[in-house]
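Subject: Handover of a two-chain model

Hello,

Please find the structure below. My notes on it come after.

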Amino acid sequence: MTVKAIRLAQQDNVATLLSDALKHQAVDVIDDKNRLVGRYQALQAIPFGNKMALHAIASGQPVSKAGHAIGVAISAIPAGELVHVQNVRSQRLDIPPAIIGQIIDQMRIETE
Amino acid sequence: MKQEFQGYRRPNGQVGIRNHILIIAIDECAEGIAQAVRQQVSECVIVTNHYTCMYAGNEELVNIMTGAALNPNVAGVLLLNMGCGSIDPTLIATPIEQAGKPVRRLSIIRNKGTRQSIRDGVALAKELVALAATIPIAPVALSELLVGVKCGGSDTSSGIASNPAVGRAVDALVDAGASCVAGELIELIGCESILRQRAVSPAVADKLERLIQEEEQRWHVPGTEVETMSIGNSVGGLTTLEEKALGALHKTGTRPIQDVLRITPQGIETPKAPGMYLSETTHLCGGSGMHFAALGTQVILWTTGGAGFSNPIVPVIRVSGNALLITEDIDVDVSGIMSATQSVEQAAGDVLDCLGRVIDGEQTAIEEVGFAYCSLYQKDQRLETLIHAQPV
C-alpha cells in the first residue's frame with residue numbers, strides 16, 4: 001500500500017506523513033482536499049507525523065508548513081528527506097543540543 | 001449552519017444552553033458539604049475554591065467564582081462558606097443578585113455545623129431547582145452564542161486533524177454571527193506576526209503581543225522553566241516551537257481578532273461585539289474551563305489526541321483525530337483526516353453538527369456522568385509583580 005502524506009498549504013515545502021514510510025518507499029502527497037499533488041520517494045525512513053521535503057530546501061531557507069515558516073534549514077535538504085531537528089532550527093526558542101541528540105537517537109534518524 | 005438554538009433566557013438577558021444549579025464552596029473546607037448536598041439534589045454542579053480561603057491578593061479568583069456564577073448556563077446559585085475564612089460571600093452574592101439571578105447563602109459555622117448545613121443546603125438547592133424549572137426554553141439567535149476553543153492532550157494528529165477541523169468550524173460560526181474565544185497565549189509564542197495581522201486594530205495587536213510576552217515571562221522565570229517542547233512532542237513529529245504553536249493556532253480559525261479578553265483582579269472583560277476573540281486562558285485544562293465559564297461561554301470545543309477534559313458548567317465537545325484513541329468519551333471523530341478518507345471541510349461539518357445538537361440540549365459524551373472536577377486558577381500576584389506585568 002502506498003504511504004500518504006498531507007501538504008497543508010499550497011506554498012509549503014514539506015508534507016506530513018500519515019503513516020510510517022520506509023527508506024526508498026513511494027509517498028503519495030495529497031492536499032487538504034484529498035487531491036493527489038505528487039508522488040515522491042522517501043530518501044530515508046520517515047515516521048508517521050513527521051515531515052518530508054517536497055522540494056530541495058537550501059541551507060538558511062525557511063521551512064514552510066500550513067502556510068507559515070516553522071523554522072530555518074541548517075543544511076541543504078533534498079526532496080524526499082526527513083525534515084526535523086537534525087536539519088531545522090527554531091527562530092524563536094531552540095531545543096537544547098543535548099535534547100536534540102536524544103531525539104535523533106530515540107527516533108534513529110539517519111544522519112551522515 | 002443553523003441559525004438558532006434552544007436556550008434559557010436569564011433575567012440579565014443572557015441565554016444558557018443548560019439550566020444548572022451551581023453550588024460554590026467558597027472555602028475548600030466547604031467542599032464535602034457541597035458534595036453531600038449534590039448527592040441529594042442531582043441537578044447541582046459544584047465549583048470549589050481549592051486555592052485558599054484568604055482574600056488578600058485573590059481578587060482574580062473571586063472574580064472567576066463570580067463569573068462562573070453569572071455564566072448563562074447557571075439558573076441559580078447556592079453559596080457555601082465555613083465562616084472563618086476571609087472571603088466574604090457578599091462579594092460574590094451581590095453581583096449575582098444584581099444580575100437578577102436567584103442566589104442563596106449558607107455559612108456553616110453560623111448554621112450550627114455540617115449536618116444541619118447539609119439539611120438546609122438540600123432545602124435551599126431544591127428551592128433553586130424549583131425556580132429553575134419555571135424558566136421556559138425557547139429558540140434563540142445564534143448571535144447569542146459564545147463558544148470556547150481549547151486544545152489539550154495534544155499529539156501528532158491535533159495539528160493536522162482536530163485543530164484545523166475546529167478552526168474551520170470556528171470560521172463558520174463567526175461567519176454565521178456567533179462568537180468564539182480561544183486562549184492559551186503560551187501556546188501562541190511564535191505566532192505573533194500572524195496574530196498581529198488578524199487583530200482588528202493596532203491597539204489590539206499590541207495588547208496581544210504584550211500579553212503573549214507576559215505569559216512567556218511568567219512561565220520562564222529562572223528555576224521554574226516550563227517545558228514548551230517535550231521530547232514526546234518531537235518524536236511525534238514537531239520540530240520547532242513555531243510548528244507546535246502553528247498547530248495550536250489552527251483551532252482559532254482565520255477570522256479577525258476583536259480583542260484579547262482578560263480576567264484580572266479588577267474584573268472580567270467580555271465580548272463587546274460578535275466575532276473571534278482570544279483570552280488569557282491558561283493552557284492548563286481545568287483552570288481554562290473555569291476561565292471560559294467566567295467569560296460566559298455556553299459550550300467549549302476541545303481538540304485532543306484522546307484525553308477527556310470536562311467542566312460541570314460548560315459542556316465540552318471533544319474532537320479527536322487519533323484513531324487509536326477514539327473511545328466513547330470522544331464526541332467527534334475526525335481521524336478520517338489522518339487516513340486521508342475525510343477532508344478538513346467534512347470534519348468541520350461534523351464538528352458543527354455535533355455542536356448544533358449540544359446547544360439544542362443533547363448531552364456530550366460524558367456530560368451525563370455528571371461529575372467533573374473544577375479548578376479555579378489565578379495568576380500568582382507575587383509573580384505578576386516580579387515580571388512587572390502591566391496592570392489593566
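The notes cover confidence, the cavities, and a few residues in each chain.

Conventions

This is a predicted model, in which local features need pLDDT of at least 70 and side-chain atom pairs count only at pLDDT 80 or more, while totals for chains, interfaces and linings use all residues. Residues are numbered from 1 along each chain as its sequence is written, chains are lettered from A and ligands numbered from 1 in the order in which they are written, and side-chain values use heavy atoms, with hydrogens and water left out.

Confidence

The predictor gives the complex an ipTM of 0.95 and a pTM of 0.90. For chain B the mean is 91, with 97% of residues at 70 or more. Within chain A, confidence is lowest in helix H1 (residues 97-107), at a mean of 90, and highest in strand E5 (residues 51-53), at 98. Helices (H or I, at least four residues) and strands (E, at least two) are DSSP runs, numbered from the N terminus.

Cavities

A search of the whole structure turns up 5 cavities of 30 Å³ or more. A cavity here is a set of points, on a 1 Å grid over the protein atoms alone, where a 1.4 Å probe fits but cannot get out; lining residues have an atom within 4 Å of a point. Grid points are joined across faces, edges and corners, and a volume is the space filled by probe spheres set on the points.

The volume of the largest cavity is about 100 Å³. Its lining consists of Glu60(B), Ile64(B), Glu215(B), Arg218(B), Glu280(B), Thr281(B), Thr282(B), Gly287(B), His291(B), Tyr377(B) and Lys379(B). At least two lining residues come from each of helix H2 (59-70), helix H7 (202-219) and helix H10 (285-295) of chain B. By class, the lining has 2 nonpolar, 4 polar and 5 charged residues. The classes are nonpolar for Ala, Val, Leu, Ile, Met, Phe, Trp, Tyr, Cys and Pro, charged for Asp, Glu, Lys and Arg, and polar for the others, Gly among them.

One of the lining residues, Thr282(B), sits in the loop between strand E13 (276-279) and H10 of chain B. Thr282(B) counts as buried, at 3% relative accessibility; buried means under 20% relative accessible area, exposed over 50%, and partly exposed in between (1.4 Å probe, protein chains only). A polar atom of the Thr282(B) side chain lies 3.0 Å from the backbone nitrogen of Leu284(B). Leaving aside neighbours within four places in sequence, Thr282(B) is in contact (heavy atoms within 4.5 Å) with Lys150(B), Glu184(B), Gly287(B), Ser288(B) and Tyr377(B).

Other residues in chain B

Thr252(B) is in the loop between helix H9 (241-249) and strand E10 (257-261) and is buried, with a relative accessible area of 1%. A polar atom of its side chain lies 2.7 Å from the backbone oxygen of Leu249(B). Not counting residues up to four places away in sequence, Thr252(B) touches Val170(B), Ala182(B), Arg198(B), Met276(B) and Leu278(B).

Asn163(B), in helix H5 (residues 156-175), is buried at a relative accessible area of 2%. Asn163(B) and Val319(B) are 156 residues apart in sequence and 8.6 Å apart in space, C-alpha to C-alpha.

Gln6(B) belongs to strand E1 (residues 4-9) and is partly exposed, with a relative accessible area of 29%. The C-alpha atoms of Gln6(B) and Arg210(B) are separated by 39 Å, at 204 residues apart along the chain.

Ala42(A)

Ala42(A) lies in the loop between strand E4 (36-41) and E5 of chain A and counts as buried, at 0% relative accessibility. Its C-alpha atom is 8.3 Å from that of Ala79(A), 37 residues apart along the chain.

Positive phi

Which residues other than glycine have a positive phi? Arg108(A) has one near 50 degrees, and Ala340(B) one of about 60 degrees. Arg108(A) is in the segment after H1 of chain A and is exposed, with a relative accessible area of 75%. Ala340(B) is in the loop between strand E16 (332-333) and helix H11 (344-359) of chain B and is buried, at 11%.

Regards

How values were computed
pLDDT = per-residue confidence, 0-100. 1 Å grid on protein atoms, 1.4 Å probe; cavity = no way out; pocket = protein on both sides within 12 Å on 5 of 7 lines; lining within 4 Å. Polar contact = N/O pair within 3.5 Å; in protein donor to acceptor, adjacent residues only side chain to side chain.
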